[in-house]
Structure formats: C-alpha cells, structure tokens
Amino acid sequence: MVPAEPGGDEAPVAPAPPTAAQRTGPLRVVSIIVMVVGALLIVAGVITWFVVRDQLSDEKIVVSEDAPFLGGWDVDGPFTAYAEAEAINDHALEASGGLTYAELDREDPTRETVMTASFLRTSLFTSVVAFGVAFFAFGLGIVLILVGWALLRIERTLRLEPAEGVIIT
C-alpha cells in the first residue's frame, strides 16, 4: 500500500502485469507434451510394425502362386498377408464346393479343412490390422509433432508481443 496523500488513506497498488513467461507458460508446456506424445507414438508404431513383420517372416509363409496378386512373395507385410488370406479362402471354397464352414454339414469331411482355412485367414487378417494400427500410430505421431511445433511457434509469437495494457517506450 502506498499513501495517497500526506495524512490520508493508503491507496492500493495495482498488481504488476503478468510477464511474458507467465502468459505463455502453459501453452509451452502443452506444446512440449503434445510433441513428446507424438514421438512416443512414432516409436510405438515403428516397433509394432517390425515386430509383426518379424513374426510373419519367422513363419516362412509364401503367397500361393495362384493368389490374386503377389504370388510367390514371402508373407512379411500387410499386402502379402492379405493376398495369402484371399488365396486360402479361394482354396477352401474350391475344396468345399463353394460352401463356407457354416454351410457344411457337421459330418462333411471337408469341414475341418475349411475350419482350418478360416483360422489361418483370421490370423493373417489380424496381422493386416496390426500393420494398420502401427501405421496409424506412426502417422498420428507425425501429426502431433507438427501440432506441437505449431503451438510452440504461437507461444513464441505471444511471448515476444507486449502484454495487453503495457506501454513500451
């Protein structure tokens, strides 16, 4: 408190305007957190992609020559896994006379073959989905890093501008 006049009441002192760091500090923290999360998603996506690829490669599966595409290629990625799943489906339908597992009689000897084909297709499609999730995580990580970088640029611009109501002489 500062005296207003000699012998008078004290006048309140106006609080100091916030510093630039106080005005933009939370935005800076948020931008750094967003970029760290983005980097973690990129790392998780890359690790997931290579783990799934290595697991598929270890199985030593080769796309059937009569597959709709990529015949003869090693199954080690989403496209080759999908191609082999389609080839397995074609083979199962051929063996069952065009009937699916649910359409076959319980006593039909080809039912077990069609069931195994269904399990194999499901496993291959699961790997296709895992590749998709890995790619999505990687892409989202890049987007988050860009958003964090943009927020940092905005924070810097705000920090360099004078606070509202402050006159610079």
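Glu-155 has a relative accessible area of 2%, so it is buried (under 20%; exposed is over 50%, partly exposed is in between; 1.4 Å probe, protein chains only). This is a predicted model: local features need pLDDT of at least 70, side-chain atom pairs count only at pLDDT 80 or more, and totals for chains, interfaces and linings use all residues. Residues are numbered from 1 along each chain as its sequence is written, and side-chain values use heavy atoms, leaving out hydrogens and water.

User: What pattern does the protein chain follow along the sequence?

Analyst: Helices (H or I, at least four residues) and strands (E, at least two) are DSSP runs, numbered from the N terminus. The protein chain has 3 helices and 2 strands. Along the sequence, they give β-β-α-α-α.

User: How many salt bridges does the count come to?

Analyst: Side chains of opposite charge can pair when their charged atoms come close. A salt bridge needs a side-chain nitrogen of Lys or Arg within 4 Å of a carboxyl oxygen of Asp or Glu. By this rule the count is 3.

User: How many residues apart in sequence are the parts that Arg-28 and Glu-155 tie together?

Analyst: Arg-28 forms a salt bridge with Glu-155, with the closest N and O atoms 3.2 Å apart. Arg-28 lies in helix H1 (residues 20–58) and Glu-155 in helix H3 (residues 111–160), so the pair ties together parts whose separation in sequence is 127 residues.

User: Which residues are linked with Arg-28 in a network of salt bridges?

Analyst: Arg-159 forms a salt bridge with Glu-155, the closest N and O atoms being 3.0 Å apart. Both lie in helix H3, 4 residues apart, about one turn of the helix. Arg-159 is partly exposed, at 32%. The network links Arg-28 with Glu-155 and Arg-159.

User: At what N to O distance do Asp-54 and Arg-53 meet?

Analyst: Asp-54 is partly exposed, with a relative accessible area of 36%. Arg-53 is partly exposed too, at 29%. Their side chains meet in a salt bridge, N to O, at 2.9 Å.

User: Which residues form a negative surface patch?

Analyst: Patches are made of residues with over 30% relative accessible area and no salt bridge; like charges are joined within 9 Å, nonpolar side chains (Val, Leu, Ile, Met, Phe, Trp, Tyr) within 5 Å. Asp and Glu count as negative. Asp-66 lies in the loop between H1 and helix H2 (78–95). The negative surface patch is formed by Glu-65, Asp-66, Asp-90 and Glu-94.

User: What is the phi of Lys-60?

Analyst: Lys-60 lies in the loop between H1 and H2. Lys-60 is exposed, with a relative accessible area of 68%. Although Lys-60 is not a glycine, its phi is positive, at about 55 degrees.

User: And what is the phi of Leu-70?

Analyst: Leu-70 lies in the loop between H1 and H2. Leu-70 is partly exposed, at 22%. Leu-70 is not a glycine, yet its phi is positive, at about 60 degrees.

User: What share of the residues in the protein chain is buried?

Analyst: The protein chain exposes about 11,600 Å², and carbon and sulfur atoms supply 65% of it. These areas come from the Shrake-Rupley method with a 1.4 Å probe. Of the 169 residues in the protein chain, the buried share is 23%.

Technical notes
The place of a charge is taken as NZ of Lys, CZ of Arg, CG of Asp or CD of Glu.
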